[in-house]
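Reader: I have a structure open and want to learn how to read it. Can we go through a few features in turn?

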Amino acid sequence: MKTVSENASFGGVQGVYSHASDVCGCDMTFAVYLPPQARAGRVPVLWYLSGLTCTHENAMTKAGAQGWAAEAGIAVVFPDTSPRGDAVADDPAYDLGKGAGFYVNATEAPWAPNFRMWDYIVDELPALVFRELALDPERQGITGHSMGGHGALTIAMTRPGTYRSLSAISPIAHPTRSDWGRKQLAAYLGPDEAAWQAHDATVLMREKGYPGPILVDQGAQDQFLDLLKPEALAAAAAERRQPMQFRMIEGYDHSYFYVASVMEDHVRWHAENLA
């Protein structure tokens with residue numbers, strides 16, 4: 001793990017690091033905010049998964065998580081959203097290829113050699129940060145925005161023993177029935193739609209649910225509501241009687257101005273559930 005930069009922030013340290021990823025077959029960059037409490041021992045960790053077109057940097061600089069994380073004594077990890085590098089496959093469209101990994105393990109050409117973001121987020125990167133930093137592997141929470149909200153929901157419902165708290169901000173909630181999903185799942189996983197079901201939060205809610213409460217926030221003026229389909233997730237949670245706070249918040253869109261507006265609530269949610 002190589003240090004790219006470290007900056008003091010709210011009494012803690014905002015770091016950016018890189019490493020050679022065996023899973024993705026390229027160098028990967030990620031960010032970690034360590035609160036001041038980490039100097040005294042291991043602290044809970046919140047995984048923040050970002051959305052389409054983002055890198056590790058977008059939420060790190062725009063979401064305003066550091067101040068609330070320092071107050072709550074919780075670390076925040078900001079992974080990248082896809083593999084990177086000249087040898088990594090890409091697509092001219094913004095919603096496929098680099099910046100659009102969709103948190104799946106690709107099985108189709110040309111994506112399969114590098115686009116293994118599920119294994120990267122669930123296994124490889126956690127093993128690295130728990131080895132190198134003062135983070136507590138027994139107290140992990142996961143959240144994300146848009147494509148990252150999709151990743152947080154699907155990963156936590158599939159690996160409930162790993163993540164003790166779960167939230168999402170404007171998640172892509174029903175990708176098997178959305179243009180933000182069908183295109184990417186077909187490209188990465190092939191035409192058999194049965195293989196897509198494990199990466200649809202609404203389907204997983206119906207089939208599995210989550211062994212704890214969930215917080216989901218959605219801006220009522222989100223310009224991408226028809227692509228996100230939050231109503232499908234809310235209906236599936238109601239049918240399952242899943243404990244979930246679903247908040248449709250008036251006046252907010254899909255931007256980081258909205259993410260920053262609800263970040264305090266999400267950091268506090270995870271800190272309380274991981275205490």
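Reader: Where is the place of Glu193?

Author: Glu193 sits in the loop between helix H5 (179-189) and helix H6 (201-207). Helices (H or I, at least four residues) and strands (E, at least two) are DSSP runs, numbered from the N terminus. This is a predicted model: local features need pLDDT of at least 70, side-chain atom pairs count only at pLDDT 80 or more, and totals for chains, interfaces and linings use all residues. Residues are numbered from 1 along each chain as its sequence is written, and side-chain values use heavy atoms, with hydrogens and water left out.

Reader: Is Glu193 buried or exposed, or partly exposed?

Author: Buried means under 20% relative accessible area, exposed over 50%, partly exposed in between (1.4 Å probe, protein chains only). Glu193 has 29%, so it is partly exposed.

Reader: Which residues is Glu193 in contact with, leaving aside neighbours within four places in sequence?

Author: Contact means heavy atoms within 4.5 Å. Glu193 touches Arg177 and Arg182 in this sense.

Reader: Now strand E6 (residues 135-144). How many of its ten residues are buried?

Author: Seven, so E6 is largely enclosed by the rest of the structure.

Reader: Which strands pair with E6?

Author: Two strands pair if DSSP finds at least two bridges between them. Strand E4 (residues 43-49) runs parallel to E6, over six bridges. Tyr48 faces Thr143 of E6 there, standing opposite. Strand E7 (residues 165-169) is also parallel to E6, joined by two bridges. Ile142 stands opposite Leu166 in E7.
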